[in-house]
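I opened my notebook to look at how the pieces of this chain meet. Here is what I looked up, entry by entry.

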Amino acid sequence: MNFTRMPLPGVDRRRFLAATGSAALIALSGGLLPTRTARAQPLSTGSAEITILSDGNLVLPMGFAFPAVDQGELAKLLADNGMATDALLPDCNVTLARMGDRLVIFDVGAGANFMPSAGKLADSLAAAGVDPADVTDVIFTHAHPDHLWGLIDDFDELVFPNAEYRIGRAEWDFWSAPDAISRVPEDRQTFVIGAQNRFAAIEDRVIFIEGGQDVLPGIEAVATPGHTPGHLSFMIHGAEPVLIVGDAITNSVISFARPDWPSGSDQDPGLGAQTRLSLLDRLAADKARAIGFHFPHPGAGYVERSEGAYRYVPA
């Protein structure tokens, strides 16, 4: 791995990321960052004992989340489902799976430097009685801040010091490319800086994976690009399989009722919509449970076809 950590001369990196990583979102939301907390939620399939932990929640102004859709139709859809129409407050659900002698965590939350309402994973792990040193495997869906930045603590030490780290090769290559900053919108350039600094912390122990691969016994990687170029979801196989969706499907109302709508959080909105439709169709056909990182906590449910689209049914 030959990418270089990107220094910020004269600037404390942690303060820079804290100040800029979510500055645009905070400004657009009027500075209000309400926090929701939740308990760990258990689930199981086959030999896997699954616990869904809360990392808090995000606050996303509607102009950021869905800027290119009919705002009247969007407001009606939200109001009809009892949701606020000025901002989205998506939960952040981190999945922990105990499989034999392995303790696997999917994504690591936002950490302390992205958004004040998120970064609560350490508290959730402690409440669930889980020592981060016992985690054997960290598997990333993608490298956005709310999924990656919790990799290190305030002292730049790994939060999960004994784990192996797995991430899609395409995802790693995209964020670590020398020209990565020029390939994202200006308001997300700090995402690149944050990803590259965190990649540097694991470059000597990372394992690259691909869609269609069994990344661990009983866990299959599923290619779900669009939200980011190398986004992966993960199927935990068993009598009742569970798909760790990541951000391939982001909202339990909008993404189901209007999966064709472009999402402002997708790197490639067209491909993101195509992937979303395909994934919803597969989940509905297979009657498989899905855990959405941003579904209402605990985030586990089913997909059903409904009036030419889909609906989310909490498990």
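**Helix across the sheet.** I started with helix H10 (residues 269-286), which lies across strand S11 (219-223), strand S12 (232-236), strand S13 (242-246), S14, S15 and S16. Against S15, helix H10 runs at about 95°. I kept in mind that this is a predicted model.

**The sheet itself.** I then looked up the strand order and found an open sheet of seven strands, S10-S11-S12-S13-S14-S15-S16, with mixed pairing. Strand S10 (214-216) and strand S16 (309-314) are the edge strands, each pairing on one side only. From one strand to the next, the twist averages 35°.

Strand S14 (residues 289-292) and strand S15 (residues 300-306) run antiparallel and are joined by two bridges. Opposite Ala300 in S15 I found Ile291.

**Aromatic rings.** Next I turned to the rings, and the count came to nine aromatic pairs. One of them is Phe114 with Trp149, edge-to-face at 5.7 Å centre to centre and 80° between the planes. Phe114 lies in the loop between strand S6 (102-106) and helix H5 (121-127), and Trp149 in the loop between helix H6 (145-148) and strand S8 (164-168), so this pair ties together parts 35 residues apart in sequence. Both Phe114 and Trp149 are buried. Together with Phe191, Phe114 and Trp149 form one aromatic cluster.

**A second pair.** I also checked Phe174 and Trp175: their ring centres are 5.1 Å apart with planes at 90°, so I noted the pair as edge-to-face. Phe174 counts as buried at 6% relative accessibility, and Trp175 counts as buried at 1%.

**A charge over a ring.** Last, I found the charged end of Arg169 over the ring of Phe208, 3.9 Å from its centre.

Conventions. Residues are numbered from 1 along each chain as its sequence is written. This is a predicted model: local features need pLDDT of at least 70, side-chain atom pairs count only at pLDDT 80 or more; totals for chains, interfaces and linings use all residues. Side-chain values use heavy atoms; hydrogens and water are left out. Rings of Phe, Tyr and Trp (its six-membered ring) pair if their centres lie within 6.5 Å; planes under 30 degrees apart count as stacked, over 60 as edge-to-face and the rest as tilted. Helices (H or I, at least four residues) and strands (E, at least two) are DSSP runs, numbered from the N terminus. Buried means under 20% relative accessible area, exposed over 50%, partly exposed in between (1.4 Å probe, protein chains only). A charge sits over a ring if NZ of Lys or CZ of Arg is within 6 Å of the ring centre and within 35 degrees of the ring normal. Two strands pair if DSSP finds at least two bridges between them. Axes are lines fitted to C-alpha atoms, for helices over the stretch in contact, and angles run from 0 to 180 degrees between N-to-C directions. Contact means heavy atoms within 4.5 Å.
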